[in-house]
Amino acid sequence: MRGDFKARRPPQRPPWALAEEAFLDACTRCGACVPVCPTRIIVVVRGYPEVDFKRGECTFCGACAAACKDGALLTAESPVGPWAIKAQIAESCLPRRGVECRICGDHCSVTAIRFSPRLGGPPVAEVDAASCTGCGACVAPCPVNAISIT
Ligand code: SF4
Ligand code: SF4
Ligand code: SF4
């Protein structure tokens, strides 16, 4: 079973998770982090918790980390940040195909998605990686599923 996890790209664990191998060793699959998430983005896959941004965003409330008593998720007070993931926009993004759209920008509370004017087409969405927190709030609203958090 563990060989399966290590063969594929690691799933997105909840914030403040240990590095994947250490996480799998520490997590007892108790499920304590799942029900405490106010935005319900933590799901269980093969017994372990993963974040599914199609369900919503992470508010970095820290409830999941506080619920983990096995050390698989560090506490929200940890000097280590919650994660290093950022939003990425694929070529399927509507403005890149000549269709006006700013939906993702409307959902980003830190204005990390900028729309650069250009000749001959609508402004193109671009992520400012330095500002992006990886919260995932932009993922579900995108009408063409062009945003991934990686
Ligand atoms: S920090 Fe809060 S919102 Fe984010 S995954 Fe954990 S419980 Fe959910
Ligand atoms: S919501 Fe989706 S299609 Fe619209 S600009 Fe953002 S990434 Fe592109
Ligand atoms: S992941 Fe969050 S912070 Fe980053 S661009 Fe999307 S909404 Fe903005």
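Contact here means heavy atoms within 4.5 Å. This is a predicted model, in which local features need pLDDT of at least 70, side-chain atom pairs count only at pLDDT 80 or more, and totals for chains, interfaces and linings use all residues. Residues are numbered from 1 along each chain as its sequence is written, chains are lettered from A and ligands numbered from 1 in the order in which they are written, and side-chain values use heavy atoms, with hydrogens and water left out.

**View 1. G105 and its contacts.** G105 lies in helix 4 (residues 103-107); helices (H or I, at least four residues) and strands (E, at least two) are DSSP runs, numbered from the N terminus. Not counting residues up to four places away in sequence, G105 touches I113 and F115. Between G105 and A90 there are 15 Å in space, C-alpha to C-alpha, and 15 residues in sequence.

**View 2. The hairpin of strand 4 and strand 5.** Strand 4 (residues 113-118) and strand 5 (residues 121-127) run antiparallel and are joined by five bridges; two strands pair if DSSP finds at least two bridges between them. Two residues separate the strands of this hairpin, and G120 in the turn has a positive phi of about 80°. F115 has A125 of strand 5 as its bridge partner, and R114 stands opposite E126 in strand 5.

**View 3. The largest nonpolar core.** This core has 36 residues, and I113, I147 and I149 have the most contacts inside it. A nonpolar core is a set of buried Ala, Val, Leu, Ile, Met, Phe, Trp, Tyr and Cys residues joined through side-chain atoms within 4.5 Å. Buried means under 20% relative accessible area, exposed over 50%, and partly exposed in between (1.4 Å probe, protein chains only). Helix 2 provides the largest share, three residues. Leaving aside neighbours within four places in sequence, I113 is in contact with residues including I89, C104, G105, A125 and V127.

**View 4. The two domains.** Domain 1 covers 2-67 and domain 2 covers 87-149; these bounds come from an automatic or database domain assignment. Six residues from domain 1 and eight residues from domain 2 take part in the contact. The C-alpha centres of the two domains lie 25 Å apart.

View 5. A residue is near a molecule if one of its heavy atoms lies within 4 Å of it. Around ligand 1 there are 14 residues, the closest being C37, C58, C61, G62 and C64. Eleven of the shell residues of ligand 1 are nonpolar, three are polar and none is charged. Ala, Val, Leu, Ile, Met, Phe, Trp, Tyr, Cys and Pro count as nonpolar, Asp, Glu, Lys and Arg as charged, and the others, Gly among them, as polar. Ligand 2 is surrounded by 13 residues, with C93, L94, C101, C104 and C142 the closest; this shell has 13 nonpolar, no polar and no charged residues. Of the 13 residues around ligand 3, the nearest are C108, C132, C135, G136 and C138.

View 6. Most residues other than glycine have a negative phi. W16, not a glycine, has a positive phi of about 65° and sits in the loop between helix 1 (2-7) and helix 2. W16 counts as buried because its relative accessibility is 6%. T111, also not a glycine, has a positive phi of about 45° and is found in the loop between helix 4 and strand 4.
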